[in-house]
Protein chains: 2
Amino acid sequence: MTEAALPVIRVLIVEDEPLAAEAHAAYVGRLAGFELAGTAGTGQEAFRRVAAAASAGTPIDLVLMDMNLPDSHGLDVSRRIRSAGLATDIIAITAVRDVDNVRGAIAAGVVQYLIKPFTYSTFATKLSSYRDFRAELNGQASNVTQSAVDHAFASLRAPTDIPMPKGLAESTLNPVVRYLQAQGAPVSASELMEPLGLSRVTARRYLEYLADTGLVLRAPRYGAPGRPENEYSWKSGR
Amino acid sequence: MTEAALPVIRVLIVEDEPLAAEAHAAYVGRLAGFELAGTAGTGQEAFRRVAAAASAGTPIDLVLMDMNLPDSHGLDVSRRIRSAGLATDIIAITAVRDVDNVRGAIAAGVVQYLIKPFTYSTFATKLSSYRDFRAELNGQASNVTQSAVDHAFASLRAPTDIPMPKGLAESTLNPVVRYLQAQGAPVSASELMEPLGLSRVTARRYLEYLADTGLVLRAPRYGAPGRPENEYSWKSGR
DNA sequence: TGAGCTCGTGAACAATATGACCGCAACCGT
DNA sequence: ACGGTTGCGGTCATATTGTTCACGAGCTCA
């Protein structure tokens, strides 16, 4: 085991809502190997803190950066930190979750991307994998190999461990979700079975599951003879 | 499969040694889904090309950035591209391989890190996983979920060389790979056991390993009663 | 040669899609 | 209004496959 003297990771929380900031701080406090270095409520302040800490010789290792800040966007702050050449890693925390933001965040050198609201367990997973990533690189000699680099990258990868209810498979749920998202219009179970190659029972089971978890909207479709058919539509903004 | 309509990824090669640049260009040409957008020999030129392409409406999607450039360091160029807010992803290519450079590269938003010299196979793996990452995000609606983000991260930083787990032998893996490559069509574990003389459990274990390394695609096969059978198909372009 | 390790196999158990069946809830004809 | 028709909703047993486990054959090393 290469345990022992791993340096503590100093964390700065950037979050304008005091309540959320406090919650995140509490989360950080519960995690071994991390230390709260402070809190900032604006982009300006965040940048100042990071820069000041660096020149004071006690650099911030990690910033938990909310994307929506009163004075600027988190991505802008990240870019500014990058331009200054500060050696700080950034985990993006945001309630906004459109694809462009994710792309932008990765381009800005964000190591993880957390969507609010999240549980402690999700939070812990992300930060732990970041800690592993650091340990991996710290454990290397000054010269690294391709496979060492690959491993370091890989430990930044999220395990994505969402438990599914018995009887449902993620590999089936995913196509269903994608189809619903792609299709703007409401979809019935029978309409789902053909393009996905599923039986009606299975299609209905997954749609029902999505409806129960609140991800899709369920409504009866009247007008035709026979018992009304349920149609399911993806809730945009979810 | 939902192949086809993925947009081509436009690649700019930044490399001062003409020989290396040519080699990389040839590599890009061999990969499906990528298109050479040009070559730059200096950091200045690289930045100009990226900026010009963006304002011309034909943006560079990906830069293969050598770190050692005559006029500046690749990381500086990367940071400059970031500061300009250009939506370009960067793969670092370098012969220098100290830990700090790796850290800096990740902080600068580099999506992959390639150490020279590399084989075509290594190169292809990195670019393919980048392509998968793009496809993953493109396939999403404008709003994504945490698990979608996690998956995208995962495919981007997928470990490329998972050490062969205990219980698997090279001498068994090779025939499996050959059979998959020869067979154009997807193959299930049961279909593999007969021609190779393996038990179902063993066949499945090897297929599963290949799926984990990202060399083969795994998809459930619906339509028949019973638990769905997984079918595995060799990823072309690897 | 024998202890230990490696890798494949068969069997038992868990998971998950399917087909069939029955009942329900809205249209439709009188 | 009212019973008949229609077609989907919901449940269950069934069919297969995925997964795990312990065991055994073959190889390595001392």
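Modeller: The model is a predicted one. In it, Glu208(B) and Arg204(B) form a salt bridge, with their closest N and O atoms 3.8 Å apart.

Biologist: Why is the pair Glu208(B) and Arg204(B) called a salt bridge?

Modeller: The rule asks for a side-chain nitrogen of Lys or Arg within 4 Å of a carboxyl oxygen of Asp or Glu. The distance is 3.8 Å, so the pair of Glu208(B) and Arg204(B) qualifies.

Biologist: What separates Glu208(B) and Arg204(B) along helix α9 of chain B?

Modeller: About one helical turn, because the two residues are four apart in that helix, which spans residues 200–212.

Biologist: How do you know whether Glu208(B) is buried or exposed?

Modeller: Its relative accessibility is 19%. Buried means under 20%, so Glu208(B) counts as buried. Arg204(B) has a relative accessible area of 42%; this lies between 20% and 50%, and therefore Arg204(B) is partly exposed.

Biologist: What makes Arg221(A) and Glu191(A) a link between separate parts of chain A?

Modeller: Their closest N and O atoms are 2.9 Å apart, within the 4 Å cut-off, so they form a salt bridge. Arg221(A) belongs to strand β7 (residues 216–221) and Glu191(A) to helix α8 (residues 189–196), so the pair ties together parts that are 30 residues apart in sequence. Arg221(A), at 26% relative accessible area, is partly exposed, and Glu191(A), at 37%, is partly exposed as well.

Biologist: Which residues make up the network that includes Arg221(A)?

Modeller: Salt bridges with shared partners join Glu191(A), Arg221(A), Glu229(A) and Glu231(A) into one network.

Biologist: Why is the pair Arg10(B) and Glu35(B) given the salt-bridge label?

Modeller: The closest N and O atoms of Arg10(B) and Glu35(B) are 3.2 Å apart, which is within 4 Å, so the label applies. Arg10(B) lies in strand β1 and Glu35(B) in strand β2 of chain B, 25 residues apart.

Biologist: How do you know that Arg103(B) and Asp89(A) are joined by a salt bridge?

Modeller: Their N to O distance is 3.4 Å, within the 4 Å limit, and therefore the side chains of Arg103(B) and Asp89(A) count as a salt bridge. Across the interface of chain A and chain B, the rule finds four salt bridges.

Biologist: How many residues does each chain bring to the contact?

Modeller: Chain A brings 53 residues and chain B 48. The area buried between them is about 4,600 Å², with 59% from carbon and sulfur atoms.

Terms used:
Residues numbered from 1 in each chain as written. Chains lettered and ligands numbered in written order. Predicted model: local features only at pLDDT ≥ 70, side-chain atom pairs only at ≥ 80, totals over all residues. Heavy atoms only, no water. Contact = heavy atoms within 4.5 Å. Buried area = accessible area lost by both parts, 1.4 Å probe. Buried < 20%, exposed > 50% of the residue type's maximum accessible area, 1.4 Å probe, protein only.
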